[in-house]
Amino acid sequence: MAETSELATKKISTLLLNLAIPAIIAMLVSMLYNMVDRIYIGNMDNGTVGMAGLAVAVPIITLIQAFTQLFGTGGAPLAAIMLGKQDKEEAEKIMMASFAALVTSGILITVMIELFKEPILLLFGADELSLRPAIEYIRVYALGTVCVQIAQGMNPYINTQGFAKMGMATILIGAILNIVLDPVFIFGLGMGITGAAVATVISQGVSAIWVLYFLLRKSPVRLRAKYLPPKISTLGSIMMLGISPFVMSATEGLLQISFNNQMSVYGGSMAVGTMAILMSLYQMVWLPLGGIAQGAQPILSYNYGAKNYGRVREAFRLAFKVCLIYSIVSSGIIMWFSPIFARIFSGDGNTIRYASWAIRIYMFGALIFGAQIACQQSFMALGKAKRSLCMALLRKVFLLIPLIYILPLLLGESGLAQTMADPVMDLVKDGGKTFCILLAEPVADILAAIITTLTFLQFYRSELKE
């Protein structure tokens with residue numbers, strides 16, 4: 001297993017480059033798919049309503065993906081730590097337990113969405129205009145839940161063994177196929193937003209087949225039926241570490257619901273649809289950051305298991321610097337050229353004007369988001385479940401979601417809010433309050449980045465000693 005042994009010996013910068021670049025490429029292509037999907041929907045007939053429908057469906061998709069984090073991302077670092085201890089059998093038991101949990105949860109989620117999709121979408125901010133396209137999209141997307149669980153939940157086990165290019169291929173296959181199929185189903189077959197969901201299900205199915213083939217036939221650590229049923233203790237260990245990324249993803253859904261509901265009240269359908277644009281642009285920052293962290297994870301986990309703390313420190317320092325530089329540069333570009341990015345997603349003049357203004361506010365805190373991601377993901381890579389969970393809860397649950405509701409009440413009528421909202425006062429119901437809703441994002445981002453970085457530095461100095 002040359003790929004794994006290199007984690008203990010190869011130069012850190014070379015390793016991070018070799019592992020992170022495929023992950024970043026995969027994330028960028030995935031981001032491109034998400035953007036293209038929204039661009040196609042936004043440019044359909046009545047695309048603004050379609051975007052609003054997609055915006056209220058996205059929290060359900062996010063919740064589905066949260067379970068891939070719980071059982072997949074939670075198990076992969078544990079498997080890598082076992083490999084660092086030269087315990088391949090235990091690594092395979094962990095991987096098989098993850099697979100069983102992912103398939104089971106996928107089936108249950110599919111049934112729940114099919115039974116309760118309409119009340120869920122209404123709860124998530126759908127109105128009389130956006131409900132129908134949201135139902136059309138999610139009823140098809142839900143049929144591919146098991147494929148999503150396998151493709152996204154098991155792919156970390158490919159990456160954690162050092163097979164970054166194979167892990168990249170998993171995402172590339174699904175994303176590129178989706179980009180190709182989207183216009184065929186949306187416009188060529190006239191299926192509209194339903195066609196976008198069909199393209200996604202087919203693409204995720206192909207990715208799932210690719211992952212299973214590798215983990216059953218090619219991988220040094222393989223899926224083996226003899227480890228079924230999994231031990232409760234193994235599942236418990238996976239979930240303890242996976243609860244942090246699960247909470248991050250699940251609260252992302254709750255966050256989207258909060259934004260949608262508040263924007264619906266104070267901004268209207270255009271403001272809700274703009275949230276889909278803002279979140280797509282935020283992906284341009286955090287998805288590549290996730291790729292960098294994903295590249296660092298095998299190095300951190302393996303060497304931590306081998307008690308080679310010098311390499312752990314070196315890998316963290318490098319990953320931190322790269323993440324912070326990327327977040328500053330990418331966020332700055334998006335804010336500076338906000339009208340150009342707004343035009344990519346919409347041809348409506350009012351939507352472009354509103355989105356251009358909103359981007360500069362919403363993205364400001366993302367300038368230092370790289371520090372948050374580097375420290376948060378490093379806690380997870382080192383198996384520090386409780387600390388990782390606390391940092392995951394900090395930004396969204398304790399800061400951002402409350403601020404979305406509190407700031408409009410505290411500052412919505414203030415002179416600052418009214419002045420900042422003046423360029424879009426004629427486009428929304430209450431410009432001052434929509435400004436405050438958007439302001440919640442950078443305030444939470446900056447506070448969370450500072451606190452998480454200080455917390456990890458304390459851990460770094462006290463516990464990562466030779």
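These are my notebook entries on a predicted model.

**Entry: cores**

The largest nonpolar core has 122 residues. I listed the members with the most contacts inside this core: Met154, Phe259, Tyr354, Trp357, Tyr362, Met363 and Leu438. Helix H11, residues 269–305, gives the most to this core, with 20 residues. I also found a second, separate core of 30 residues. Ile41, Val56, Phe185 and Ala196 are included in that second core.

Next I took up Trp357. Which residues does Trp357 touch, not counting those up to four places away in sequence? I noted Met420, Ala421, Pro423, Val424, Gly431, Thr434, Phe435 and Leu438.

**Entry: aromatic pairs**

I looked up the aromatic pairs, and the count comes to 14. Phe316 and Phe320 form a tilted pair, 5.8 Å centre to centre with 45° between the planes. Both sit in helix H12, four residues apart, so about one helical turn separates them. Phe316 and Phe320 are both buried.

I then turned to Phe456 and Phe459. This pair is tilted too, with 5.6 Å between centres and 50° between planes. Phe456 and Phe459 are three residues apart in helix H18 (residues 431–463), so they too are separated by about one helical turn. Phe456 counts as buried because its relative accessibility is 1%. Phe459 is buried, at a relative accessible area of 0%.

How do these rings group? I found that Phe316, Phe320, Phe379, Phe456, Phe459 and Tyr460 form one aromatic cluster.

**Entry: surface patch**

I moved to the outside. A nonpolar patch on the surface is formed by Ile325, Ile328, Val329, Ile333, Trp336, Phe337, Ile340 and Ile344. Together they have about 800 Å² of accessible area. Helix H12 (309–336) and helix H13 (338–345) are the elements that give two or more residues to the patch. H12 gives the most, with five residues.

**Entry: two single residues**

Buried or exposed: what is Asn159? I noted Asn159 as buried, with a relative accessible area of 6%. Asn159 is placed in helix H7, residues 145–159. Leaving aside neighbours within four places in sequence, Asn159 contacts Ala164, Gly167, Met168, Gln294 and Pro298.

Last, I looked up Pro229. Pro229 lies in the loop between helix H9 (192–218) and helix H10 (232–266). Pro229 counts as exposed because its relative accessibility is 70%. Pro229 and Lys93 are 136 residues apart in sequence. Their C-alpha atoms are 9.9 Å apart in space.

How values were computed. Residues numbered from 1 in each chain as written. Predicted model: local features only at pLDDT ≥ 70, side-chain atom pairs only at ≥ 80, totals over all residues. Heavy atoms only, no water. Patch = residues over 30% accessible without salt bridge, like charges linked within 9 Å, V, L, I, M, F, W, Y side chains within 5 Å. Areas by Shrake-Rupley, 256 points an atom, 1.4 Å probe, with all protein chains shown as cover. Salt bridge = Lys/Arg side-chain N within 4 Å of Asp/Glu carboxyl O. Core = buried A, V, L, I, M, F, W, Y, C linked by side-chain atoms within 4.5 Å. Buried < 20%, exposed > 50% of the residue type's maximum accessible area, 1.4 Å probe, protein only. Contact = heavy atoms within 4.5 Å. Phe/Tyr/Trp six-rings, centres within 6.5 Å; stacked < 30°, edge-to-face > 60°.
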